Protein chains: 2
Amino acid sequence: MKLYDSKTAPNPRRVRIFLAEKGISVPTEPVDIAGKQNRGAEYAKKNPMFGVPILELDDGTIIAETMAICRYFEETNPNPPLFGTGAKDKAIVEMWQRRMELNVMSCITGAFRHGNAFFADRITQVPAFAEQCLKEAPGMFDFLDQTLAKSKFIAGDRYSVADITALCSVDFARVLRLKIDPDKQKNLARWHAEVSARPSAQA
Amino acid sequence: MKLYDSKTAPNPRRVRIFLAEKGISVPTEPVDIAGKQNRGAEYAKKNPMFGVPILELDDGTIIAETMAICRYFEETNPNPPLFGTGAKDKAIVEMWQRRMELNVMSCITGAFRHGNAFFADRITQVPAFAEQCLKEAPGMFDFLDQTLAKSKFIAGDRYSVADITALCSVDFARVLRLKIDPDKQKNLARWHAEVSARPSAQA
């Protein structure tokens, strides 16, 4: 198998951290996102939505979408579980994973995609949408801080895929010049130091 | 357990169809979305993100997020499987489920949320974003048509949760006055007739 990867985008990092937590090594092939390799005809045959990463299995099957790739490896390498164990716990992890993605990450990437010159010739940008996302992004950090006031990790007392999405979102917010305020967001700062100290964070 | 439900929104319908396909009956409590019940203090205790549906378990645990609720029932009632079977198949279903959600549904709901008076005092609307989503929505129907030219259902040869998300998205596009063009989108029209004829579509 082969993972089509990029070192600069947040979604490939989610998969790399997930694999590192599992102790799985997968051959990777870099995709030149800056050079629009993922928007060319060859790549579109593999993923018409242009997204990176994708996982190519040995039988040629392409798995696109970050969470689909992570779920593939959760099935083939169940330990340590990163999507929870048992019906209730799995649902709780999924709930938090989705909140991290649909609220936190989409706010940060929305500001970037619609506001940064990088995407100017890639999508039809709506600058007013970028501005609104930018306004809402600090509130997402507050939401994370409030969440982490109640539990050690995002989805409870054990590290999960929700932490991976949150970490990649917080770190990617550098493109908006948004940083954790360690005086006001103590819980978020505590969590960020902890999850960043895990070896997987370097993946 | 209890499902907090609404008859007018697309996400609760996704869960109702999912339950109907599984043959599961769950007590429901209607949430008055039009009257902003889901944006009040009582509901916020259950789901601070305001989303409907939520599932309340007998031990008081709240599962928010449509796909987290569906996954809960996939675990407790595995048959018929609606998220696929085996690592590869599950990943393929997840890939398509996410494409339906992150591309098709988010385009339609983006146009509605940012353009319709219903959301005027619920979120900070960005009319230009609604306009862009509205421009892109017909292309999403074309994408569905092309997808369904290659397979009987969205994620291959068997009905899955990806079909549920797609059906609820296509039907909700009525709020944009967007309809399937049966002459040009024959595959989409064929699929829509088939999945709408399943008893679950009435749920």
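## Helix 4 of chain A

In this predicted model, helix 4 of chain A, which covers residues 87–115, has 29 residues and reaches 40 Å from its first C-alpha to its last, close to the 42 Å expected at 1.5 Å a residue. Helices here are DSSP runs of H or I with at least four residues, strands are runs of E with at least two, and both are numbered from the N terminus; the expected span of a helix is 1.5 Å times one less than its number of residues. A kink of about 40° is centred on A:Ser106, where the bend at a residue is the angle between axes fitted to the seven residues ending there and the seven starting there.

Helix 4 of chain A is mostly covered, with 21 of its 29 residues buried. A residue is buried if 20 or more other C-beta atoms lie within 10 Å of its own, exposed if 12 or fewer do, and partly exposed in between, with C-beta atoms placed from the backbone.

Residues are numbered from 1 along each chain as its sequence is written, and chains are lettered from A and ligands numbered from 1 in the order in which they are written. As the model is a predicted one, local features need pLDDT of at least 70 and side-chain atom pairs count only at pLDDT 80 or more, while totals for chains, interfaces and linings use all residues.

## Contact between the chains

In all, 27 residues of chain A are in contact with 27 residues of chain B, contact being defined by C-beta atoms, placed from the backbone, that lie within 7 Å. On the chain A side, the elements giving two or more residues are strand 4 (62–64), helix 3 (66–76), helix 4 and helix 5 (127–150). The largest share, 10 residues, comes from helix 4 of chain A. This side divides into 14 nonpolar, five polar and eight charged residues; Ala, Val, Leu, Ile, Met, Phe, Trp, Tyr, Cys and Pro count as nonpolar, Asp, Glu, Lys and Arg as charged, and the others, Gly among them, as polar.

The largest nonpolar core has 104 residues, of which A:Phe18, A:Ile63, B:Phe18 and B:Ile63 touch the most other members. Such a core is a set of buried Ala, Val, Leu, Ile, Met, Phe, Trp, Tyr and Cys residues joined through C-beta atoms within 7 Å. Leaving aside residues up to four places away in sequence, B:Phe18 touches B:Cys70, B:Phe73, B:Leu82, B:Val161 and B:Ile164.

Helix 6 of chain A (residues 161–172) has 10 of its 12 residues buried, so it is largely enclosed by the rest of the structure. Its buried residues, among them A:Ile164 and A:Leu167, pack against helix 1 (10–22), helix 3, helix 4, helix 5 and helix 7 (186–197) of chain A.

## Backbone features

Two cis peptide bonds may be noted in chain B. One joins B:Val52 and B:Pro53, with omega about 10°, and B:Pro53 lies in the loop between helix 2 (41–46) and strand 3 (54–56) of chain B. Another joins B:Asn79 and B:Pro80, with omega about -10°, and B:Pro80 is in the loop between helix 3 (66–76) and helix 4 (87–115) of chain B.

A:Arg177, although not a glycine, has a positive phi of about 60°; A:Arg177 sits in the loop between helix 6 and helix 7 of chain A and counts as exposed because it has 7 C-beta neighbours inside 10 Å.

Notes. Two residues are in contact if their C-beta atoms, placed from the backbone, lie within 7 Å.
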